[in-house]
Amino acid sequence: MDCYAVFGNPIAHSISPRLHNVAFRALDVDGFYGRVLLENGEDLVSEFRVLALRGANITVPFKEFALVLADEQDETANAIGSANTLVLKQHKIKAYNTDAPGFMKSVSEFGVIKSALIIGAGGTARALAYILAQNGTKVSVLNRSEKRAKNFSEFRFFALANFSVENYDLVVNTTPAGLIDNELPVGEKLLRDVFASSKFAFDVIYGKKTKFLDLAKEMKLDVKDGKEMLLYQAIFAFDLFTEGEFEFTEIKKSMLYALNL
Ligand code: NDP
């Protein structure tokens with residue numbers, strides 16, 4: 001049997017074991033997927049090897065460690081600067097980022113996205129900015145502070161203090177605002193001005209109705225939360241674990257069932 005796990009801190013809430021184990025069972029794969037609470041990111045690869053894993057997913061706050069500590073890096077993960085998937089290949093651990101294609105697949109179902117505003121400037125924002133730009137979207141990044149501007153040198157970056165509204169097809173919230181509170185990532189007036197000329201709004205937060213998406217809905221935008229992104233990143237990781245053996249739709253069917261249990 002091949003063993004897999006998700007590493008993070010905290011990790012008890014992770015739904016990844018359920019998604020992958022249900023898909024293993026439905027597709028008759030001899031695998032098991034667990035979860036590991038990691039205290040120190042430096043231990044990621046040694047834990048992976050001690051547990052004799054064939055693959056793993058990595059969540060907050062170890063995605064940068066995953067990229068750096070792996071033996072090999074996929075081109076997309078390298079360009080983004082973080083990895084959420086590790087796969088053992090001929091005794092070497094290779095790092096991938098499936099958050100970015102997972103997000104891209106979810107938002108491409110909205111329609112054509114010529115321009116996008118990403119709110120927030122953390123690791124997730126960088127992954128989303130990269131993949132949107134790769135797909136031909138003009139990307140602007142807006143953050144409450146200037147401090148992470150250096151991570152976005154190839155994009156248009158604005159701190160709140162020097163931002164003026166343009167037209168964006170898509171507006172994305174990548175900040176945790178609204179996750180444990182009822183906050184917006186930026187002031188309501190500014191967000192209303194942004195939404196006034198936008199078509200689609202996406203919040204990476206899932207499992208909770210956020211004020212950001214409520215406002216977007218009120219202003220008649222098409223909206224999505226991060227649940228589908230979570231599902232799609234898991235499908236792309238599963239595809240890497242099983243080396244392309246299954247169709248996307250087959251994996252999706254079983255994981256969708258697991259997600260809605
Ligand atoms: P980071 O901590 O790296 O970045 C957070 C960013 O949000 C920073 O730019 C920070 O600004 C800004 N920010 C934090 N709090 C607020 C606030 N109250 N108001 C406005 N801005 C704020 O986080 P990550 O990029 O790693 O993750 C972001 C979110 O994405 C998390 O909620 C995570 O759960 C979610 N996520 C969802 C996925 C999915 O599959 N749906 C996948 C991956 C992540 P500053 O720079 O000033 O500190």
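**Close-up 1. P10 in the loop between β1 and α1.** P10 sits in the loop that runs between strand β1 (2-8) and helix α1 (16-26). Helices (H or I, at least four residues) and strands (E, at least two) are DSSP runs, numbered from the N terminus. N9 and P10 are joined by a cis peptide bond, with omega of about 10°. This is a predicted model, in which local features need pLDDT of at least 70 and side-chain atom pairs count only at pLDDT 80 or more, while totals for chains, interfaces and linings use all residues. Residues are numbered from 1 along each chain as its sequence is written, and side-chain values use heavy atoms, with hydrogens and water left out.

**Close-up 2. P61 in the loop between β3 and α3.** The loop between β3 (55-58) and α3 (63-69) holds P61. From V60 to P61 the peptide bond is cis, and omega is near 5°. Most residues other than glycine have a negative phi, and most peptide bonds are trans.

**Close-up 3. A52 in the loop between α2 and β3.** A52 is found between α2 (44-50) and β3, in the loop. Although A52 is not a glycine, its phi is positive, about 55°. A52 is exposed, with a relative accessible area of 57%. Buried means under 20% relative accessible area, exposed over 50%, and partly exposed in between (1.4 Å probe, protein chains only).

**Close-up 4. K220 in the loop between α8 and β12.** The loop between α8 (211-218) and β12 (222-224) contains K220. K220 is not a glycine, yet it has a positive phi of about 70°. With 73% relative accessibility, K220 counts as exposed.
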